[in-house]
Amino acid sequence: MYFAALLARTEDGWEARETDLDDVETLGDLTEVARAASTEEDTVLVFIEQEDAWFGVVRVDGEEDPRIYVSDAAAAARSSYGEILLTDELLGRDPEDLDEIVDLDGTEEGDAEELDDDDVVPGPKEVHVPVGPLGDAELLKDLGMDDKELLALSGDGALTGEALGEIADSLGCADVLEAVR
């Protein structure tokens, strides 16, 4: 089970609404949903929490690239919602490296030959996803929560299911988040 909310910062304060991620497949889709939550180019935060195992915060400021923080990348990698946040860039891998993989049959493109059942076909190695926090821990600094506070919510056993509430409290929007929970 997961919880996802959009928090838009406006002239009048924060506005929050719960959101459904069933139709969101990529970070680009999630960014579009966030931008649609704001009538201006205000800051929008996307909070995602899954089964008290991990949480993620995505910050979208107008047309700028989204900034991402995930409390436990390894836990998030086991979730379809977490995979949305764990981009190649965040994981430190170059997507062009995947394009350079030689055809699995060892031939150049277009020269496929049949493989015997005895042939071993090496595939790309799994990308290591680190256990623990990953991303921009300073994405909320100018809004009232420094990186040390955010990292403390992500530490060993610190995630109690109330991390998003504590973040919202630091940002001064706990009441609007609680209203949509």
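I take buried to mean under 20% relative accessible area, exposed over 50%, and partly exposed in between, with a 1.4 Å probe and protein chains only. On that basis, 39% of the 181 residues of the protein chain count as buried.

Provenance: this is a predicted model, in which local features need pLDDT of at least 70 and side-chain atom pairs count only at pLDDT 80 or more, while totals for chains, interfaces and linings use all residues. Residues are numbered from 1 along each chain as its sequence is written, and side-chain values use heavy atoms, with hydrogens and water left out.

Entry: elements. I use DSSP runs numbered from the N terminus, with helices as H or I of at least four residues and strands as E of at least two. The protein chain has 8 helices and 6 strands. From the N terminus, I read the order as β-β-α-β-β-β-α-α-α-α-β-α-α-α. For contacts (heavy atoms within 4.5 Å) with a separation of 6 or more, 56% join residues 24 or more positions apart.

Entry: helix 6. I find Leu150, Leu153 and Ser154 buried in helix 6. They fall within an arc of 100° seen down the axis, so they line one face of the helix; the arc is that of the directions from the helix axis to the C-beta atoms. The face turned away from the buried side of helix 6 carries the exposed residues Lys148 and Ala152. Among what covers the buried residues of helix 6 I list strand 4, strand 5 (67-70) and helix 7.

Entry: helix 7. Which residues of helix 7 (residues 163-171) are buried? I find Ala163, Leu164, Ile167, Ala168 and Leu171. Their arc around the axis is only 135°, which puts them on the same side of helix 7. Their cover includes strand 1 (2-10), strand 2 (13-18), strand 3 (43-50) and helix 8 (174-180). Gly172 follows helix 7 and has a positive phi, near 80°.

Entry: helix 6 against helix 7. The two axes come within 10 Å and cross at roughly 165°. I use axes fitted as lines to C-alpha atoms, for helices over the stretch in contact, with angles from 0 to 180 degrees between N-to-C directions. Helix 6 and helix 7 are therefore roughly antiparallel to each other (an angle over 145 degrees). The contact involves Glu149, Leu150 and Leu153 of helix 6, and Ala163, Glu166, Ile167 and Ser170 of helix 7.

Key:
Angles under 35 degrees count as roughly parallel, over 145 as roughly antiparallel, 65 to 115 as roughly perpendicular and the rest as oblique.
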